[in-house]
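Here are my notes after going through the model you sent.

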Amino acid sequence: MSGHWRAQDGDDPGLGEDRGVAVAEAKPKLKKPPMYKVILLNDDYTPMEFVVHVLEIFFGMNREKATQVMLAVHTQGSAVVGIFPRDIAETKSEQLNQYAQDNQHPLVSRVEMTD
């Protein structure tokens, strides 16, 4: 009977894959929570060094990565600096915005749902 499960000559090679998909669809799907992007917005006043500093502190980036992201924000007007579950994204965005405000910089971030 073991021959029943092996692909025979002339069988559709895609059949096994189709069966796998059908089995996967039969299982209950656990929906992943939606993820949210923290987007840093460019402004004409915040010093580049402060932006790098913020990315290191709040997003755990090393200096090289933080510098690359800061330059992306500077040249493109904004950049995604992290993707997190909603509560973490909102907390990081609020902390960054408050920290910038406390340091008299207009730097702001916002949160958007990922696509």
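1. First, a caveat: this is a predicted model, so please read every value below as computed from that prediction.

2. Let's start inside. V69 is part of helix 3, which covers residues 63–76. Its relative accessibility is 8%, so V69 falls under the 20% limit and counts as buried. Leaving out residues up to four places away in sequence, V69 touches L55, M61 and V81. V80 is worth a look from here too: V69 and V80 are 11 residues apart in sequence, and their C-alpha atoms are 8.4 Å apart in space.

3. Together with M35 and I83, V80 makes a nonpolar surface patch of about 230 Å². I83 sits in strand 2, residues 78–85. How open is I83? It counts as partly exposed, because its relative accessibility is 46%.

4. Next, have a look at S109. This serine lies in strand 3, residues 108–113, and it is buried, with a relative accessible area of 6%. Which side chain does S109 pair with in a polar contact? The partner is S93, at 2.8 Å. If you skip residues up to four places away in sequence, S109 touches V38, I39, L40, S93, L96 and N97.

5. Most residues other than glycine have a negative phi. Q104, however, has a phi near 55°, a positive value in a residue other than glycine. Where is Q104? You'll find it in the loop between helix 4 (86–102) and strand 3. Q104 counts as exposed, since its relative accessibility is 67%. That's the angle I would point out to anyone looking at this loop.

6. Now the charged pairs. How many salt bridges does a search of the whole structure find? The search gives 4. One of them joins E49 and R63, with the closest N and O atoms 3.1 Å apart. E49 belongs to helix 2 (residues 48–59) and R63 to helix 3, so this pair ties together parts that are 14 residues apart in sequence. Both ends are partly exposed: E49 has a relative accessible area of 47%, and R63 is at 42% relative accessibility.

7. Another salt bridge links R86 with E90, and here the closest N and O atoms are 3.0 Å apart. Why are these two separated by about one helical turn? Because they are 4 residues apart in helix 4. R86 is partly exposed, with a relative accessible area of 46%, and E90 counts as partly exposed at 31% relative accessibility.

8. R110 and E112 form a salt bridge as well, with 2.9 Å between the closest N and O atoms. R110 is partly exposed, having a relative accessible area of 37%, and E112 is also partly exposed, at 29%. As for networks, salt bridges that share partners join E49, E56 and R63 into one.

Key: Residues numbered from 1 in each chain as written. Predicted model: local features only at pLDDT ≥ 70, side-chain atom pairs only at ≥ 80, totals over all residues. Heavy atoms only, no water. Patch = residues over 30% accessible without salt bridge, like charges linked within 9 Å, V, L, I, M, F, W, Y side chains within 5 Å. Areas by Shrake-Rupley, 256 points an atom, 1.4 Å probe, with all protein chains shown as cover. Salt bridge = Lys/Arg side-chain N within 4 Å of Asp/Glu carboxyl O. Buried < 20%, exposed > 50% of the residue type's maximum accessible area, 1.4 Å probe, protein only. Contact = heavy atoms within 4.5 Å. Polar contact = N/O pair within 3.5 Å; in protein donor to acceptor, adjacent residues only side chain to side chain.
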